Amino acid sequence: MTEDSQRNFRSVYYEKVGFRGVEEKKSLEILLKDDRLGILPPHHESHARVMMYRKEQYSDVLHALKVIRFVNDATPHVEVYLRMYQLECGKLPRSPSFPLEPEDEVFLAIAKAMEEMVEDSVDCCWIIRCFVNQLNNKYRDSLPQLPKAFEQYLNLEDSRLLTHLRACSAVSKLPYDLWFKRCFAGCLPESSLQRVWDKVVSGSCKILVFVAVEILLTFKIKVMALNNAEKITKFLENVSVLYLIHFFVSGTLCFFVLFWC
């Protein structure tokens with residue numbers, strides 16, 4: 001069992017028995033300490049100087065975007081992060097009025113979720129950038145395979161439910177982009193999303209499959225009552241976070257994280 005799995009298991013276990021000694025905001029500190037995203041250099045003594053340089057870089061890029069009138073003081077932070085990312089990647093459109101690409105929508109969804117977790121704008125911008133780069137590079141070949149894996153595991157857990165989805169022609173229309181490309185950003189409550197993203201950053205994007213399976217199993221009765229693919233998809237896209245909190249503090253997801261990821 002890996003150290004990451006042990007940490008996640010302890011977090012869930014301690015909360016279940018009533019001990020909340022570690023705040024959810026510690027997740028960011030763990031990410032920065034372990035630095036699985038490659039945010040900090042390997043030598044600790046250079047961290048302060050590197051962070052100073054990155055603050056300066058952040059200010060310079062922000063100033064450049066203001067000069068070319070892509071952003072202003074009223075621009076939402078998440079949009080600023082997107083334009084900074086586009087500029088640094090050489091993908092800035094000719095005009096800010098150009099429609100967003102699908103990959104931009106994914107970036108914004110992740111940025112909005114990350115903004116709820118990270119208070120400092122510079123840190124938030126760098127973490128979003130590294131997280132998105134990991135999805136685009138490390139998991140580039142894995143993410144397209146997740147819908148197939150989802151179908152396989154759902155068949156193992158509840159073949160009757162999968163048969164119903166197939167009968168409604170809903171399997172291909174499930175919100176895979178929301179679940180896998182956006183890593184549940186905008187779908188799960190912040191505390192739960194942090195745990196899922198911790199596993200993704202640690203190197204296991206398959207956690208996304210098991211979370212999706214658990215959502216279907218949790219709402220099986222409601223899904224089975226729907227006989228239309230569009231209705232099923234719409235329901236799953238708008239699942240109440242209050243219900244999701246319930247299954248995330250249960251031991252089921254913890255079992256998947258420990259023994260399957």
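Close-up 1. Helix 3 (47-67), helix 4 (77-89) and helix 6 (121-137) each put at least two residues into the lining of the second largest cavity. Helices here are DSSP runs of H or I with at least four residues, numbered from the N terminus. This is a predicted model, where local features need pLDDT of at least 70 and side-chain atom pairs count only at pLDDT 80 or more, while totals for chains, interfaces and linings use all residues. Residues are numbered from 1 along each chain as its sequence is written, and side-chain values use heavy atoms, with hydrogens and water left out.

**Close-up 2. The lining itself.** Look for Arg 54, Gln 57, Tyr 58, Met 84, Glu 88, Cys 125, Trp 126 and Arg 129. Lining residues have an atom within 4 Å of a cavity point, and a cavity is a set of points on a 1 Å grid over the protein atoms alone where a 1.4 Å probe fits but cannot get out. Four of the lining residues are nonpolar, one is polar and three are charged (Ala, Val, Leu, Ile, Met, Phe, Trp, Tyr, Cys and Pro count as nonpolar; Asp, Glu, Lys and Arg as charged; the others, Gly among them, as polar).

**Close-up 3. Helix 4 against helix 5.** Helix 5 covers residues 102-117, and it packs on helix 4 at about 130 degrees with the axes 9 Å apart.

Methods:
1 Å grid on protein atoms, 1.4 Å probe; cavity = no way out; pocket = protein on both sides within 12 Å on 5 of 7 lines; lining within 4 Å. Axes fitted to C-alpha atoms, helices over the stretch in contact; angles between N-to-C directions.
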